[in-house]
Amino acid sequence: IGKETVIKRSVILDNCRIGEKAKLKESIIARGVFIGNGASVSNSIVCEGAEIGENADVTNCIVAKDQKVSAKAKVQNEVVNGGDETWTDD
């Protein structure tokens with residue numbers, strides 16, 4: 001867990017990497033998840049092996065196993081489950 005990271009009412013399982021200045025609020029973070037520097041995850045479930053890019057904002061989402069959310073993407077009220085698809089802010 002990186003410096004200046006804020007974690008409120010969240011569960012984080014083992015083998016996760018959470019970058020600096022990340023914000024986790026009321027979320028469940030499964031095993032082996034990567035959360036980049038400055039990313040924000042709120043009211044969400046991030047499943048095993050998923051990746052949240054730097055400065056991404058994930059709110060009210062379920063990020064399925066091994067899915068990737070790109071850096072700076074803003075994803076709200078979604079189920080991120082697209083096989084090999086990478087979610088971006090496009």
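Student: Which residue in E14 is the bridge partner of Val-63?
Tutor: First, this is a predicted model, where local features need pLDDT of at least 70, side-chain atom pairs count only at pLDDT 80 or more, and totals for chains, interfaces and linings use all residues. Residues are numbered from 1 along each chain as its sequence is written, and side-chain values use heavy atoms, leaving out hydrogens and water. Strand E11 (residues 62-63) is joined to E14 by two bridges, and they run parallel; strands here are DSSP runs of E, at least two residues, numbered from the N terminus. In E14, the partner of Val-63 is Val-80.

Student: Which strands stand at the edges of the sheet?
Tutor: Two strands pair if DSSP finds at least two bridges between them. The open sheet has five strands in the order E2-E5-E8-E11-E14, with parallel pairing. Two of these strands have a single partner each, so one side of each is left without a neighbour in the sheet: E2 (11-12) and E14 (79-80).

Student: Where in the chain is Glu-26, the residue paired with Arg-9?
Tutor: The side chains of Arg-9 and Glu-26 meet in a salt bridge at 2.8 Å, N to O. The two are 17 residues apart, with Arg-9 in the loop between E1 (6-8) and E2, and Glu-26 in the loop between E4 (23-25) and E5 (28-29). A salt bridge needs a side-chain nitrogen of Lys or Arg within 4 Å of a carboxyl oxygen of Asp or Glu. So the place to look for Glu-26 is the loop between E4 and E5.

Student: Is Arg-9 buried or exposed?
Tutor: Buried means under 20% relative accessible area, exposed over 50%, and partly exposed in between (1.4 Å probe, protein chains only). Arg-9 has a relative accessible area of 63%, so Arg-9 is exposed.

Terms used. Helix = DSSP H or I, 4+ residues; strand = E, 2+ residues; numbered from the N terminus.
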